[in-house]
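Please consult it with the sequence and the coordinates open.

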Amino acid sequence: LADAQSQVKQYAFYMKRALDDGNLRESLKQCSLMLGELRTIALSPQKYYELYMHVSGELSHLEMFFAEPSRHRKSNLELYELTQHAGNVLPRLYLLITAATVYVKSKEGKAKDVLKDLVEMAKGVQQPIHGLFLRAYLTQISRTLLPDAGSPYEGEGGSVADAVDFVLQNFTEMNKLWVRMQHGGPARERERREKERRELRDLVGKNLLVLSQLEGMTLEMYRDVVLPRVLEQVVNCKDDIAQPYLMDAIVQVFPDEFHIQTLQLLLDACPKLKSTVKVGNVLASLMDRLTNAAKESQEMVTQFAAVDAFGKLATCVDDVVRAQPTLDAHERLLMHGALLSFTIATHRERLDHVDGVLASCAAAMGASSSNGDDDDDAGDARDGPIAPAMIVSDPKGIRQLVALLTTPLETYDPISVLRMSSYPRVMTLLLPANLRQLAATIARAVLRGETRVSTPEQVETLFKFIEVLIRDGDDGGGGVDEEDFEEEQGLVARLVHVLRSDSHETQYELLVAARKQFQSGGAKRLRRTLPPLAFEATRLGRAILRDAAADASAAPPAAAAAALVAKTLQFLHQTIAALAETPAPEPALRLFVDAARLADAAGMETLAYDFFESAMTIYEDDISDSRAQKSALSIMVGALQPCRSFTAESRETLSHKSIGYASRLLKKPDQCAAVASCAHLFWSDAVKDGKGVLSCLKKALTIASKARVAASATGKGAGDALALHIAVLNKHLYFFERGVDGVDAKVIRELLEHINGELANDDTPAPPDVEAYYSATMRHVKHQKLRGGEIGARFAEIVA
């Protein structure tokens, strides 16, 4: 290349010097020698292109010289004839094209005749690379010379039809040269030749671009002349590289309006392409172009509907699959994915079209029908024996298939999509590992929108499609990455909250249906999926009670509500018991307590007692950590205190059980606080038992005193022990303020004297926080004394 460029520079220098001298003959001689460098066959197409650009740039100087008759004193016709005397055909034709430019621009020669002459004479160069670049030069030069509509050369110089004929003829010859390159060497160099051909493809495609830019190009001319001739050349060349490139070029360079009106012509050519051509890419490119047009203009959507574009495209996809049985899975998925996007863009309301596309895809991929029979949906693309299903396992195919299945979920109501007959058929093409990914996508789609799963049938449908997330396989869920597993089960748990019905009876059935699906999961899954079911059942029970209280109608509806609450409570007990067996003792205990409060609100004392009993059984058998015990006991006492439905005997049993648990806590501070809290069990709207309150307070004070003794013996913890006494003092003040029998001023004064004595002890000074706690307590006492009335009189008895 360097040697050739050096020679070009030398000849160009002599040519330009001759031009400056007005020496026409010497200029043509030096230019011919320069153009002779383009006769080389030693350069690759890329290097040859660099040389061609250098030479064509220098030719512009000659063209400007030709355009000034005063410098060369020749007519344009004489120049045109003179350039034909060059010795070698390639330089001669370059010179001829350059002279023709000036000849046509002067209007001494008719554009149509000169261009026809040039395109015919260019056949004299049959070496593929030489001929392609020569005709590329002709295309470049002739763009301003075509007798197009509105062009200065229209009329006597020809018509748009002449311009079209010239470009088509040049395109045809260039394509033949381009295809011929494939057969110009030994088989071992095939890959190199294919690479070189791909580098040259734009030279051929520029002719189609010129056609699309003609001002006089009408739909009629495109439909009747241009497209048939181009497609004829595409189909007849039978080349693996030319056919897909030229089909894609047609799709990209001509306007959408032309494609709409000539869609059938274009589609009819697709099945005729060579079997080794990736026609799926061609069709997908066309459908993507049409989809974008539909998204940009509603008018285009109307035009698509008028010509039944979807029907034609769907038929063509099936015809291509039938005509090319060796078509790989990627192309089949690519075509159907593009067809799906098109139908969504043009017929968004037609969910049956989406189902048809999926059915066509399932048939094309060999997926069996859901009932095991052969499927004839969407113009079944299979004939003869049924081929085995193309299970998709490579990353690219997985992305294509998942995208195909995900697009409807993102566009339509997910439940409606899942009820389509073809959706599960397409899903069978995925491996189990990829089904997890799709199942998670389905769950996200349901959660992302405002979807309501409102019937048991819909629950069954939804969970059938995500069963890989809710049922244990052979690995029991252990084969999945722990982080992914947690995320998946979080999605499943959130799905429980989209089970919604305006009818309480139906809502109960939804929860039953969901639990039925979850039961096939192992303990690891149930620990995450059963709690939301229990929460939803509790919410349902409260809603029933609320609506029943607001309903002023007769007793039968109230009786029906009570029966439904009883069923809900039974459901709750079964669900929470199953959760406790996983095991998950702490969540199960909390849920049992919540259920007990619901049963109490419904006035079902036996069920409420049973729930508390279950919670306490879990406490005794399964909770051993001291912090967990403290928290659990606090929850049970807080839930039991406001209950109203218990008989005195049942309440006493549960209360004393709680006191027993409190007194057996590991740490003294925890014991003291828990026993003191149990005092509230004996004083509420449902019960007024001063003796029980006083008994608990005495036990708490005894525990605090033992803590003080232990602190004195060990020499540490004295401040904490004193804080316990202050806490017990506050409990006394609480019940004293409420007038509980037995909690009188004398008891409080004695407690105050003890605390003051401890604070005055210089050997064990109290920590600052304890002193602040006590000071706040005393400020409260003084405040109550100043209130006046019965409370003020009662607190005045306390000598602070």
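The points below concern a predicted model and take up its core, its helix packing and some of its backbone features.

1. The nonpolar core. The largest nonpolar core of the model comprises 273 residues. Within this core, the residues with the most contacts are Tyr-94, Leu-211 and Tyr-423. As background, nonpolar side chains tend to be buried together in soluble globular proteins.

2. Surroundings of Tyr-94. When residues up to four places away in sequence are set aside, Tyr-94 touches Leu-35, Leu-38, Tyr-52 and Leu-59, and also Phe-133, Leu-134 and Tyr-137.

3. Helix 7 against helix 9. Two packed helices are described by the angle between their axes and the distance between the axes. For helix 7 (residues 111–121) and helix 9 (residues 160–180), the angle is about 10 degrees and the axes are 10 Å apart. Angles under 35 degrees count as roughly parallel, and helix 7 and helix 9 are therefore roughly parallel to each other. From helix 7, the residues Lys-112, Leu-115, Val-119 and Glu-120 take part, meeting Asp-162, Phe-166, Gln-169 and Asn-170 of helix 9. By class, the contact of helix 7 with helix 9 holds three nonpolar, two polar and three charged residues.

4. Helix 9 against helix 11. Helix 9 also packs with helix 11, their axes coming within 11 Å and crossing at roughly 10 degrees. Helix 9 and helix 11 are therefore roughly parallel to each other. The helix 9 side of this contact includes Val-160, Ala-161, Val-164, Leu-168 and Phe-171, while the helix 11 side includes Met-221, Val-225, Val-226, Arg-229 and Cys-237. The residues of the contact of helix 9 with helix 11 divide into eleven nonpolar, four polar and three charged.

5. Helix 31. Helix 31 (residues 605–622) has 18 residues. From its first C-alpha to its last, helix 31 reaches 25 Å, which is close to the 26 Å expected at 1.5 Å a residue. The buried residues in helix 31 are Glu-605, Ala-608, Phe-611, Phe-612, Ser-614, Ala-615, Met-616, Ile-618 and Tyr-619.

6. Val-417. Is Val-417 buried or exposed? Val-417, which lies in helix 21 (residues 414–418), has a relative accessible area of 0% and is therefore buried. Leaving aside neighbours within four places in sequence, Val-417 is in contact with Pro-408, Leu-409, Tyr-412 and Tyr-423; Tyr-423 was named above among the core residues with the most contacts. Val-417 and Asp-355 are 62 residues apart in sequence, and their C-alpha atoms are 8.3 Å apart in space.

7. Backbone features to inspect. Most residues other than glycine have a negative phi, and most peptide bonds are trans. The peptide bond from Thr-582 to Pro-583 is cis, with omega near -10 degrees. Pro-583 belongs to the loop between helix 29 (555–580) and helix 30 (585–601).

8. Lys-238 is not a glycine, yet its phi is positive, at about 45 degrees. Lys-238 is placed in the loop between helix 11 (219–237) and helix 12 (242–253), and with a relative accessible area of 53% Lys-238 is exposed. Asp-308, likewise not a glycine, has a positive phi of about 55 degrees. Asp-308 is found in the loop between helix 16 (298–306) and helix 17 (309–323); at 45% relative accessibility, Asp-308 counts as partly exposed.

Definitions and conventions:
Residues numbered from 1 in each chain as written. Predicted model: local features only at pLDDT ≥ 70, side-chain atom pairs only at ≥ 80, totals over all residues. Heavy atoms only, no water. Core = buried A, V, L, I, M, F, W, Y, C linked by side-chain atoms within 4.5 Å. Buried < 20%, exposed > 50% of the residue type's maximum accessible area, 1.4 Å probe, protein only. Contact = heavy atoms within 4.5 Å. Axes fitted to C-alpha atoms, helices over the stretch in contact; angles between N-to-C directions. Helix = DSSP H or I, 4+ residues; strand = E, 2+ residues; numbered from the N terminus. Parallel < 35°, antiparallel > 145°, perpendicular 65-115°, else oblique. Nonpolar A, V, L, I, M, F, W, Y, C, P; charged D, E, K, R; others polar. Expected span 1.5 Å × (residues − 1).
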